[in-house]
Amino acid sequence: KQKRLNLWVNMKAPWLSLDGWRRGQSQWAIEELLGEPCWIGVDMSSKIDLTAVVAVFPPRELRLRWRLLVWCLTPEETLIERARRDRAPYGQWVEQGYLRTNPGVRIDQDVVREMVGAAGEAFDVQQVGVDPWNAGNLLKHLADDGFRVVEIPQNLSQMSGPSKDFEADVLAGLVDAGDNP
């Protein structure tokens with residue numbers, strides 16, 4: 001309804017189980033993941049929504065949960081208005097380092113490119129999946145930087161199966177984002 005009909009929806013029951021999400025969270029340090037293989041997903045926005053860059057580390061023999069490193073970005077000049085609209089503590093998350101901003105009212109794709117580049121220096125990035133919507137030249141730039149880039153359109157045929165798998169893992173407490181809100 002929101003994306004196709006511009007009808008904003010606030011759900012009382014979120015898609016993902018908050019109890020399952022909380023069950024999967026633990027405290028760990030990014031340094032534990034240095035050099036490990038990961039896959040990065042990028043969901044670009046232009047000016048209204050959050051942009052997300054997420055590094056996904058699969059379970060290992062001694063670590064049974066997926067680990068997620070989540071970096072979000074939003075334009076600085078729209079932060080206060082968006083926090084009020086979304087009823088989210090964006091200002092607090094900026095202070096805590098969970099949310100980054102860039103100057104202006106639009107997402108700066110160079111900042112996203114830098115975020116992926118920094119992850120590439122720290123981890124063994126296998127592939128970068130990017131939703132081509134709002135991505136502009138980002139796919140080309142990341143490929144020029146040496147990343148293996150694939151387009152991941154956010155449509156039913158591409159996202160339904162993986163979303164169901166992710167939901168099942170969240171329900172089972174197998175997804176750990178290091179307590180990132």
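1. Aromatic pairs. Rings of Phe, Tyr and Trp (its six-membered ring) are taken to pair if their centres lie within 6.5 Å; planes under 30 degrees apart are stacked, those over 60 are edge-to-face, and the rest are tilted. By this rule there are two aromatic pairs. One of them joins F57 and F123 in an edge-to-face arrangement, 5.1 Å centre to centre with 80° between the planes. F57 lies in strand β2 (residues 51–57) and F123 in the loop between α5 (109–122) and β5 (124–130), so the pair ties together parts that are 66 residues apart in sequence. Both F57 and F123 are buried (buried is under 20% relative accessible area, exposed over 50%, partly exposed in between; 1.4 Å probe, protein chains only).

2. Basis. This is a predicted model, in which local features need pLDDT of at least 70 and side-chain atom pairs count only at pLDDT 80 or more, while totals for chains, interfaces and linings use all residues. Residues are numbered from 1 along each chain as its sequence is written, and side-chain values use heavy atoms, with hydrogens and water left out. Helices (H or I, at least four residues) and strands (E, at least two) are DSSP runs, numbered from the N terminus.

3. Cysteines. The structure holds zero disulfides, a disulfide being a pair of cysteine sulfur atoms within 2.5 Å. What is the closest cysteine sulfur to that of C38? It belongs to C72, at 16 Å, too far for a bond. C38 is buried, at 0% relative accessibility. C72 is buried too, at 17%.

4. Second largest pocket. Its volume is about 270 Å³. A pocket here is an open set of points on a 1 Å grid over the protein atoms alone, where a 1.4 Å probe fits, with protein on both sides within 12 Å along at least five of seven lines; lining residues have an atom within 4 Å of a point. Grid points are joined across faces, edges and corners, and the volume is the space filled by probe spheres set on them. The lining has 15 residues, with I30, L69, V70, Y98 and N180 nearest the centre. β3 (66–75) and β4 are the elements that give two or more residues. β3 gives the most, with five.

5. G97. This residue sits in the loop between α4 (90–96) and β4 (99–102). G97 is exposed, at 54% relative accessibility. Its C-alpha atom is 9.8 Å from that of N180, 83 residues apart along the chain. N180 is one of the residues nearest the centre of the second largest pocket.
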